[in-house]
Amino acid sequence: MIRAGVVGMGFIGQVHAKCYQETEGAQLVAVCDIDETKLKSAGRTEGNIEQPAGALDLTNVELYTDFDEMLDKAGLDAVSIALPTSMHAEYTIKALDAGLGVLCEKPLAPNISQCEQIINAAQTSGTTLQVGHCIRFWPEYAKTKEVIDSGEYGKVRAADFRRLGSAPAWSWNQWMMDAAQSGGALMDLHIHDSDYVQYAFGMPTTVYTRCTKGPSSKYDHIATHYLYDDDRVITAEGSWLMSPGFGFEMSFNIVLEEATIVFDNTRKTAFRICPADKDPFTPEILPGDGWSLEIAHFIKAVSGEKVPKITTPADSLDSVRLVLAERQSAETGKAVAIE
Ligand SMILES: NC(=O)c1ccc[n+]([C@@H]2O[C@H](COP(=O)([O-])OP(=O)(O)OC[C@H]3O[C@@H](n4cnc5c(N)ncnc54)[C@H](O)[C@@H]3O)[C@@H](O)[C@H]2O)c1
């Protein structure tokens, strides 16, 4: 049984805690938050996407307000780092140095140098480091990657991704609304799609991005063209600028030579494969969501089970690299080559 803990019991930390409670082979032993009220009101924060059903029950879970104390006393094997992005490096490295497996939320860190420090610490510790790129595990996105890789419907000709909502209102001390801490919607939200683009199609050679000012920064509505060495058209749009009544949309269309794959969480039939010569159908997907599946994967990895390579720390660094290139493109008005 893997003894798991969570630091940062805001929106995503509560999701992780609930997932550990429901994952075979894991036991949620301890949680930590600097804000004691978060430990008392667990199960009631809001976020973009509906959380796993049911309130979080922290009976018999050790509660800490100090991370070092949790590391000293709770006897953990694994911990989720669910803190504001600017704190990921410090806390992740501490946990790796203590010999724990770490699931660090995305983005790995706000800059390349901190990402490299984390990766070096993971290499030195020899323990598991997984980054919370949950979209790679999200059942529809995972199935789509499988279908593309199978080659059944030919090559990719075009793809567009969208992740659109209003500015998050829930964050601790409004850290998300301070671009110096969150990187705006570009680094915090849109990175999910940049990461999936490189996962599904490989790193582009060049990016061209436009951004519009919003409540946190110059980077709160984003549209990027990811350029490759052929004529495929790959784009992604992200936003914190939608009106509150809009809700939240995550969606894509992927055009293959012999089929179009469609996902839109706002539609009644959210996921369809539309083959060129047959009726559209909804393929079977794994039960659960990207969060529960990434945590099940993490627990298996920490337990020493052989797991497929779905996301690696090096990929996560590449996603930060990609988003920083997108920011440079938006700032200069020019296409930026990915080094
Ligand atoms: N994968 C996803 O779908 C997803 C969704 C949302 C957020 N995230 C990422 O997760 C991270 C956290 O985001 P969030 O929305 O949960 O933020 P949040 O503001 O809701 O939660 C952060 C929590 O950290 C606590 N905290 C701050 N300093 C602390 C400290 N020193 N010790 C202990 N606790 C401390 C705060 O009290 C707060 O409860 C960010 O990196 C964000 O990008 C990922």
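Domain bounds here come from an automatic or database domain assignment. On that basis the chain of this predicted model is divided into domain 1 (2-132 + 294-308) and domain 2 (136-287 + 317-337).

**Domains and their contact**

The centres of domain 1 and domain 2, taken over C-alpha atoms, are separated by 25 Å. Contact between the two involves 21 residues of domain 1 and 16 residues of domain 2. On the side of domain 1 that touches domain 2, helix H5 (112-125) and H9 each supply at least two residues. H5 has the largest share of that side, with three residues. Sorted by class, the side of domain 1 that touches domain 2 holds 10 nonpolar, seven polar and four charged residues.

**The largest nonpolar core**

The largest nonpolar core has 93 residues, and Val 7, Val 79, Ile 81 and Val 102 are the ones that touch the most other members. Helix H9 (residues 290-302) gives the most to this core, contributing eight residues. At least three residues of the core come from each of domain 1 and domain 2. Leaving aside residues up to four places away in sequence, Val 102 touches Val 79, Ile 81, Thr 92, Ala 95, Leu 96 and Leu 129. In soluble globular proteins, nonpolar side chains tend to be buried together.

Two parallel pairings involve strand E1. Strand E1 (residues 2-7) pairs with strand E2 (residues 26-32) over six bridges in the parallel sense, and Val 6 stands opposite Val 31 in E2. With helix H1 (residues 11-22) between them in the unit's listing, E1 and E2 make a right-handed β-α-β unit. E1 is also joined to strand E4 (residues 78-81) by four bridges, again running parallel. Val 7 has Ile 81 as its bridge partner in E4; both residues are also among those that touch the most other members of the core.

Helix H4 (residues 88-97) is largely enclosed by the rest of the structure, because seven of its 10 residues are buried. The buried residues of H4 are His 88, Ala 89, Tyr 91, Thr 92, Ile 93, Ala 95 and Leu 96. The buried residues of H4 pack against E1, helix H3 (67-73), E4, E5, H5 and strand E6 (129-132). After H4 comes Gly 99, with a positive phi near 85°.

**The eight-stranded sheet**

An open sheet of eight strands has the order E13-E12-E11-E7-E10-E9-E8-E14, with mixed pairing. Strand E13 (271-275) and strand E14 (336-337) stand at the edges with a single partner strand each, so one side of each is left without a neighbour in the sheet. At the E14 end, strand E8 (residues 206-212) pairs with E14 over two bridges in the antiparallel sense, and Thr 206 has Ala 337 as its bridge partner in E14.

**Loops and backbone geometry**

Lys 106 and Pro 107 are joined by a cis peptide bond with an omega of about -20°. Pro 107 lies in the loop between strand E5 (101-105) and H5.

Asn 173 and Gln 174 each have a positive phi without being glycine. Asn 173 is found in the loop between strand E7 (156-164) and helix H7 (179-182), and Gln 174 is placed in the loop between E7 and H7 as well. Where does Lys 268 lie? Lys 268 is in the loop between strand E12 (259-264) and E13.

| Residue | C-beta neighbours inside 10 Å | Class |
|---|---|---|
| Asn 173 | 10 neighbours | exposed |
| Gln 174 | 15 neighbours | partly exposed |
| Lys 268 | 5 neighbours | exposed |

Lys 268 and Cys 19 are 249 residues apart along the chain, and their C-alpha atoms are separated by 26 Å.

Methods:
Residues are numbered from 1 along each chain as its sequence is written. This is a predicted model: local features need pLDDT of at least 70, side-chain atom pairs count only at pLDDT 80 or more; totals for chains, interfaces and linings use all residues. A nonpolar core is a set of buried Ala, Val, Leu, Ile, Met, Phe, Trp, Tyr and Cys residues joined through C-beta atoms within 7 Å. A residue is buried if 20 or more other C-beta atoms lie within 10 Å of its own, exposed if 12 or fewer, and partly exposed in between; C-beta atoms are placed from the backbone. Two residues are in contact if their C-beta atoms, placed from the backbone, lie within 7 Å. Ala, Val, Leu, Ile, Met, Phe, Trp, Tyr, Cys and Pro count as nonpolar, Asp, Glu, Lys and Arg as charged, and the others, Gly among them, as polar. Two strands pair if DSSP finds at least two bridges between them. A crossover is right-handed if, with the strands pointing away from the viewer, the path from the first strand over the helix to the second runs clockwise.
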